Amino acid sequence: MTAGPSRGRRYVMLLLLLCGFSVILFRLVTLQVLQEAELTAKADRQHQKTVSFEGARGMVSDRHGKVLAMNVEVPSVFGVPTLLESPSTVARHLAPVLHIRRDELERKLRQDKSFVWLARKVEPEQGRRMEQLSLDGIGVMMEGQRFYPKGPLLAHVLGFSGMDGQGLEGLERRYDSHLLGEKRVTVLQRDALGRTVFPKGLAEQVPTPGHALTLTVDEVIQYIAEKELEEAVTHSRAKSGTIIVMEPQSGAILAMAVSPRFDPNVVAALTPDRWRNRALTDTYEPGSTMKMVVAAAALEEKVMTPDSMVFGEYGHMGIANTTIHDHDKLGWMTFSEVIQKSSNIGAVKTGMALGEQRLYHYLQAFGFGERTEIDLPGEVSGLLKAPKDWGGRSLASISMGQEVGVTPLQMVSAVATLANGGVMMKPYVVSEVRNQKGRLLKEVLPQVKRRAVSQDTARTMTTMLEGVVTNGTGTKAAIPGFRVAGKTGTAQKIDSRTGAYSSTQFVGSFVGYVPAESPRLAMIVVLDEPQGEAWGGAVAAPVFRRVGEQVLNYLGVSREDTVKIALAMKDH
Amino acid sequence: MKTVTLVAGVLLVFVFVWERVDVVRLGYQIERLKTQKVLLERKRDQLQVKFSALTAPERIAKVATEKLGLVPPQQGQVVMVHLPGEAPSLSLPSVEQVRLARHDSTGRVSE
């Protein structure tokens with residue numbers, strides 16, 4: 001036995017193995033290292049299709065973080081017609097799952113396109129069944145669907161967004177640039193067998209969501225307002241209604257309820273009339289609620305004091321060939337009683353004492369004829385003509401709230417100004433904007449618009465408006481245990497057929513604040529065309545009481561008769 | 001010496017290839033976990049929507065009145081009690097403060 005042949009064979013074997021491995025290694029290195037970029041690009045070109053889509057819209061929540069609007073990903077089904085061999089067979093499989101007519105699907109799949117939506121934002125179960133079918137040239141992609149989990153709650157403020165995630169109404173529209181998610185191009189890729197299509201690097205390519213909004217609204221207060229408004233509108237058979245609850249010190253909107261309501265999850269069948277935010281898009285002649293502004297102006301200009309005597313002309317007074325009436329045949333009364341009893345003649349005489357220019361100045365100072373600049377779309381400035389355009393009766397009419405068009409938001413801002421010691425705040429709905437990581441991007445702080453009247457005037461007005469609720473036309477707004485200041489309003493509407501004031505169509509309203517000595521809430525209740533008894537004091541004032549009472553309880557505001565107890569903290 | 005160098009070279013190539021393969025394997029693993037994260041986030045969002053819908057004040061009021069037979073407190077049934085030296089704040093209280101006030105009114109708070 002010699003070692004020669006054996007060693008030789010070993011060398012040969014080793015050489016062969018080395019050659020073999022070398023070939024494999026060479027190929028591996030060539031494929032994975034040298035040609036990697038080129039081959040990857042080639043594979044991508046063969047298997048990829050680019051489609052752009054956007055990140056989830058930002059969340060909207062109330063002042064306590066309760067979610068009011070958010071996005072959830074739901075499946076959307078698409079087809080790649082160029083990959084289909086038999087569109088009719090595919091359509092036959094898809095029709096029962098997507099609940100779409102077979103011929104309609106087939107028509108889409110026969111188009112000469114490389115990408116076509118078949119059904120967008122379908123039920124998750126439908127998406128799962130589609131994936132199980134695993135059809136050539138058919139894919140499922142997740143898309144953001146906007147949900148409003150509280151249904152109709154705050155719908156007129158929130159608005160809604162469209163199928164492609166663009167804000168169409170309300171806050172969704174006003175803050176669209178913040179809420180919109182990042183737009184990104186996504187790559188769709190088939191697997192090795194070419195059967196399924198899915199986004200490559202799904203997680204990496206999920207676009208950044210939009211910014212989140214925190215509102216000043218409290219969902220519980222909003223619910224109380226909406227519930228009571230719905231009941232009032234139903235009970236009075238009114239055409240529509242509005243309630244706005246505002247924090248007088250800041251201008252923050254706590255609730256903005258509009259009736260009839262709508263569900264922003266289902267808007268396709270609705271008309272714009274249904275989702276219009278009447279609180280700031282619709283104007284009405286306020287009637288007697290305007291007298292509080294006239295009174296504040298008169299006090300500020302010292303043309304009246306609460307004890308000034310005014311003659312009520314026993315209910316009839318001629319102005320510019322017309323007669324102004326009062327509800328009661330009033331004789332001499334104090335200026336406070338003019339407001340308490342809501343005397344038209346008293347208000348007209350007050351307006352005349354002020355004169356056109358001064359009255360106009362204070363109407364402007366209280367924000368009439370200009371937008372409040374609330375951060376919601378569609379706000380109108382109302383109607384307030386300049387004195388040069390006033391007619392012979394205008395001064396009298398405007399003094400009692402006619403010939404002037406206001407929005408409920410303007411009126412509640414005006415009363416909130418009195419509640420806030422004469423300082424008008426800018427109303428706002430969004431308090432914070434944060435990015436998806438929670439970092440604060442924008443904080444909205446209370447903003448002073450102007451001082452309308454002095455603090456003394458505001459204080460005197462509060463006493464006079466308390467009189468309205470204790471002894472005047474607004475007694476039904478009284479909340480036991482709290483001092484309420486407010487004013488009723490009943491305005492005749494213009495009959496569109498005759499152009500004259502209607503004797504059957506009214507707007508009943510109540511505007512006020514509570515507790516009068518340290519206001520926490522300023523509120524307006526407006527009912528459009530209530531049937532039967534239409535007086536603001538009869539239809540709107542009770543709604544103010546019911547909402548006010550519940551909200552004050554909810555906020556834990558002390559009644560005047562609060563029991564104060566001393567607890568022996570040291571014992572514990 | 002040459003053999004050793006050759007073997008070392010082959011080993012190096014093996015290590016390099018193994019490393020490439022492992023990178024790919026880890027890449028798949030990362031991808032899988034990221035997908036899992038996306039799915040969990042999606043699930044979380046769905047639950048959040050469900051939670052929000054279930055806690056809607058309208059629904060709670062309906063359940064409270066229709067199922068549990070509760071009624072809103074009537075006039076005089078709510079009494080706010082404040083601790084000594086505690087002045088009502090001008091700014092709105094937090095929800096927690098509101099709850100405390102209600103607990104006080106039922107006498108359940110002993111601190």
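A word on the model before anything else: it is a predicted one, in which local features need pLDDT of at least 70 and side-chain atom pairs count only at pLDDT 80 or more, while totals for chains, interfaces and linings use all residues. Residues are numbered from 1 along each chain as its sequence is written, and chains are lettered from A and ligands numbered from 1 in the order in which they are written.

Let me begin with the whole chain. Chain A holds 20 helices and 24 strands, where helices (H or I, at least four residues) and strands (E, at least two) are DSSP runs numbered from the N terminus. Its C-alpha atoms fill a box of roughly 145 × 70 × 45 Å along the principal axes. The radius of gyration of chain A is 35 Å, whereas a compact globule of 572 residues would have one near 25 Å; this radius is taken over C-alpha atoms, and the globule rule is 2.2 Å times the number of residues to the power 0.38.

Next, the domains, whose bounds come from an automatic or database domain assignment. Domain 1 of chain A covers 51-106 + 116-126 + 140-190 + 198-215, and domain 2 covers 219-555. Their centres, taken over C-alpha atoms, are 42 Å apart, and 30 residues of domain 1 are in contact with 26 residues of domain 2, contact meaning that the C-beta atoms, placed from the backbone, lie within 7 Å. On the domain 1 side, α6 (155-158), α7 (170-174) and β10 (212-215) of chain A each supply at least two residues.

Finally, let us look at helix α12 (residues 291-300) of chain A, which packs against helix α18 (residues 455-471) of chain A at about 135°, with the axes 10 Å apart. Axes here are lines fitted to C-alpha atoms, for helices over the stretch in contact, and angles run from 0 to 180 degrees between N-to-C directions. The two helices, α12(A) and α18(A), are therefore oblique to each other, since angles under 35 degrees count as roughly parallel, over 145 as roughly antiparallel, 65 to 115 as roughly perpendicular and the rest as oblique. In this contact Met292(A) and Leu299(A) are among the residues from α12(A), and Thr457(A) and Met464(A) are among those from α18(A).

The axes of α12(A) and helix α15 (residues 356-365) of chain A come within 10 Å and cross at roughly 115°. That contact includes Val293(A) of α12(A) and Tyr362(A) of α15(A).

Note on methods
Contact = placed C-beta atoms within 7 Å.
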